[in-house]
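I opened my notebook to look up a few features of one structure. The entries follow in the order I made them.

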Amino acid sequence: MLYRLNAGLDFQLSRKLSLVSRVGHDERDSKIPTRKFAENWVSIGLNYQFL
């Protein structure tokens with residue numbers, strides 16, 4: 001079984017520059033019955049349009 005939850009925020013700083021942020025949690029079962037895989041993550045970035 002797989003569970004995935006994430007949320008994000010995009011903020012436009014100017015016409016060409018924006019800030020992108022995401023947080024999330026993934027959880028899934030392993031092939032081994034007594035183990036699980038869980039991961040929390042954060043992603044932050046800048047987007048710039050050159051044209």
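Which residue in E3 is the bridge partner of Val-20? I looked it up and found Gly-45. I noted at the start that this is a predicted model.

Entry on the strands. Strand E2 covers residues 17-29 and strand E3 covers residues 36-48. They run antiparallel, and I have 13 bridges down as joining them. Between E2 and E3 there are 6 residues, and the two strands form a hairpin.

Entry on the surface. I looked for nonpolar residues at the surface and wrote down a patch made of Phe-11, Leu-13, Leu-19, Val-23, Val-42, Ile-44 and Leu-46. Together they have about 690 Å² of accessible area. E3 gives the most, with 3 residues.

I picked out Ile-44, which lies in strand E3. Is Ile-44 buried or exposed? Its relative accessibility is 64%. The cut-off for exposed is over 50%, so Ile-44 counts as exposed.

Entry on the aromatic rings. How many aromatic pairs does the structure hold? I found 1. Tyr-48 and Phe-50 form this pair, with 5.1 Å from centre to centre. The planes are 75° apart, and the pair is edge-to-face.

Phe-50 has a relative accessible area of 73%, so I put it down as exposed.

Conventions. Residues numbered from 1 in each chain as written. Predicted model: local features only at pLDDT ≥ 70, side-chain atom pairs only at ≥ 80, totals over all residues. Heavy atoms only, no water. Pairing = 2+ DSSP bridges. Helix = DSSP H or I, 4+ residues; strand = E, 2+ residues; numbered from the N terminus. Patch = residues over 30% accessible without salt bridge, like charges linked within 9 Å, V, L, I, M, F, W, Y side chains within 5 Å. Areas by Shrake-Rupley, 256 points an atom, 1.4 Å probe, with all protein chains shown as cover. Salt bridge = Lys/Arg side-chain N within 4 Å of Asp/Glu carboxyl O. Buried < 20%, exposed > 50% of the residue type's maximum accessible area, 1.4 Å probe, protein only. Phe/Tyr/Trp six-rings, centres within 6.5 Å; stacked < 30°, edge-to-face > 60°.
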